[in-house]
Amino acid sequence: MSAQPNLVQRTPAPRAAWTLEQAGLSPLLAQLFASRGVKSADELDAGLAKLLPPSGLKGIAEAARLLADCIEARQHICIVADYDCDGATACTVALRGLALLGAGPASLSYVVPDRAIHGYGLTPAIVDLALAQGSQPQLLMTVDNGIASIAGIAHANALGLQVLVTDHHLPAVFDGVTQLPAAAAIVNPSQPGCSFESKNLAGVGVAFYVLLALRSELRARGRFDTQSQPKLDGLLDLVALGTVADVVKLDANNRRLVAQGLKRMRAGRAHAGVAALFSAAGRDSTRANAFDLGFALGPRINAAGRLSDMTLGIECLLTDDPGRALELAKQLDAINRERRVIEADMREQAEFKLDALLQDPRLMGEPPPALAIFEAEFHEGVVGIIASRLKDRIHRPSFVFARGADGQLKGSGRSIAGFHLRDALDLISKRHPALLKKFGGHAMAAGCTLADDGFDCFDAALRQVAAEWLDAAALTRTLRTDGPLASEHFNPASVRALEEQVWGQAFEAPLFCDHVEIISQRIVGEKHMKLRLRQAGLLRDAIWFGHIEPVPAQGQMAYRLSVDEYQGQERVQMVVEAMV
């Protein structure tokens, strides 16, 4: 049984809602935006001119000069990618953008680590792999990684290579001191001393900003002028995909990047690989929204890095041949289906372990303050997904471990508000210096590697930190809702208008809450609850995905709206998130 949530209604600032209405927004959207902190319509302006200027990023001028020098000298640049969707899109954006800005095809290559063999980031082994390709690069440019690659960059320097780091992860910390790699240039909004207003750029967003600065540098060198300069906005469908898939906070700047990308997709101007992914996922690109990117396209790209080789995902995004793109997208779809099968089996085993743990009388029916689960046969590429599922069920920071090919335990964790997962790992490493072989990540998602015999110590250490940091309020799942929804909005046009907006992490999609009476309930598809209910005196259809427990006869229901299309007819249905 999932943790019972506490439903809390958002309270929009009346002045802000009035201001947004006066600017022309509908009363419903004005209320929704105001309750998410938007104070003026200017914040909702998705125009490219409203993007934060690249100059705010520390190190970006040096990066632009470094890349411009390489292009002018016709030196070879090798992109060092990462094996998730953010890394794949960042790699594609870098390769396409550098080519647009004058780097010849023979001067560009890329390398992407294999999750099971190389692990994460620019390691010494990846440097050697880049050199072994035969292209003999003079510059390695990392995307979505590199900020913690101390050893790998030292190895590259020793071999006479220059390294440009573009990343958004947190730097490495040793003995309480932040340590940066000895790279020729570093662009990362999370590095010390960077004054860039948005700390929430994804790796692909950082790569895009570096290209903007490079174009400016080349323009200053007389390579082209404002009229003849290459247009980079054609890359924004890729930037949008990577940004949403990486679940970074959608602040105003990120929302602009995503909105521009969605605009291109809806207009049929997406890259061949993006269009092919929509087709393989059975989604309509003319109605593209952030949900499509996060739950349909992103997982198909990520599946390659989890179970196979992310080269497949990158090649899908790089090709301009629609036929080739569709062929690769279908392969990614097949891998994603395999991932779902593996995930279902792993989730069943993890749930069994969790249920057994909850029987411990010392816990008195409550989950521990943090959860760690290890199963040697788990697939290390899927442990992060299982950690997320467990976190959602019990509302506790959760780590799941598998045994890697090298015999060490590879873990991935997901967290809840109030528990900075990467900082927790840092504290554990200080208390148990030999326990973590390596670790890194963000507040809400992080990973680490343990020795084969280190799980029990890690489990106890994680629980201890959680017990110290989390109080009863933090351990109670809270769903923030937008309150009741007037009957006039239960129509396809209103739902479409909501879907067209950019919602996501820290700018959540609308979640409404009403008192309902259940008329009938039945299980469909063996794992979903189909409901007929009465809301505000009117009969409604609802579905609760992944829920088969009986629903109470009446109560407060938190729900989203969707349009159910069947035999040419459109009907609005409520998608249930919780009921208390």
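**View 1. Helices α10 and α13 lie oblique to each other in this predicted model.** Helix α10 covers residues 272-281, and helix α13 covers residues 322-358. α10 passes α13 in a right-handed crossing.

**View 2. Residues of α10 meet residues of α13.** On the α10 side, the contact includes A272, G273, A276 and L277. S279 and A280 of α10 also take part. On the α13 side are P322, A325, L326, A329, K330, L332 and D333. Nine residues of this contact are nonpolar, two are polar and two are charged.

**View 3. E343 and R389 form a salt bridge.** Side chains of opposite charge can pair when their charged atoms come close. Here the closest N and O atoms are 3.0 Å apart. E343 sits in helix α13 and R389 in helix α14, 46 residues apart. E343 is buried, at 8% relative accessible area. R389 is partly exposed, at 29%.

**View 4. R393 forms salt bridges with E351 and with D355.** The N to O distance is 2.1 Å for E351 and R393. For D355 and R393, the closest N and O atoms are 2.7 Å apart. Both E351 and D355 belong to helix α13, while R393 belongs to helix α14. R393 is buried, at 11% relative accessibility. E351 is buried too, at 16%. D355, at 33%, is partly exposed.

**View 5. A network of salt bridges links five residues: R287, R496, E499, E565 and E570.** The count for the model comes to 34 salt bridges.

How values were computed: Residues are numbered from 1 along each chain as its sequence is written. This is a predicted model: local features need pLDDT of at least 70, side-chain atom pairs count only at pLDDT 80 or more; totals for chains, interfaces and linings use all residues. Side-chain values use heavy atoms; hydrogens and water are left out. Axes are lines fitted to C-alpha atoms, for helices over the stretch in contact, and angles run from 0 to 180 degrees between N-to-C directions. Helices (H or I, at least four residues) and strands (E, at least two) are DSSP runs, numbered from the N terminus. Angles under 35 degrees count as roughly parallel, over 145 as roughly antiparallel, 65 to 115 as roughly perpendicular and the rest as oblique. A crossing is left-handed if the near helix is turned anticlockwise from the far one by less than a right angle, and right-handed if clockwise. Contact means heavy atoms within 4.5 Å. Ala, Val, Leu, Ile, Met, Phe, Trp, Tyr, Cys and Pro count as nonpolar, Asp, Glu, Lys and Arg as charged, and the others, Gly among them, as polar. A salt bridge is a side-chain nitrogen of Lys or Arg within 4 Å of a carboxyl oxygen of Asp or Glu. Buried means under 20% relative accessible area, exposed over 50%, partly exposed in between (1.4 Å probe, protein chains only).
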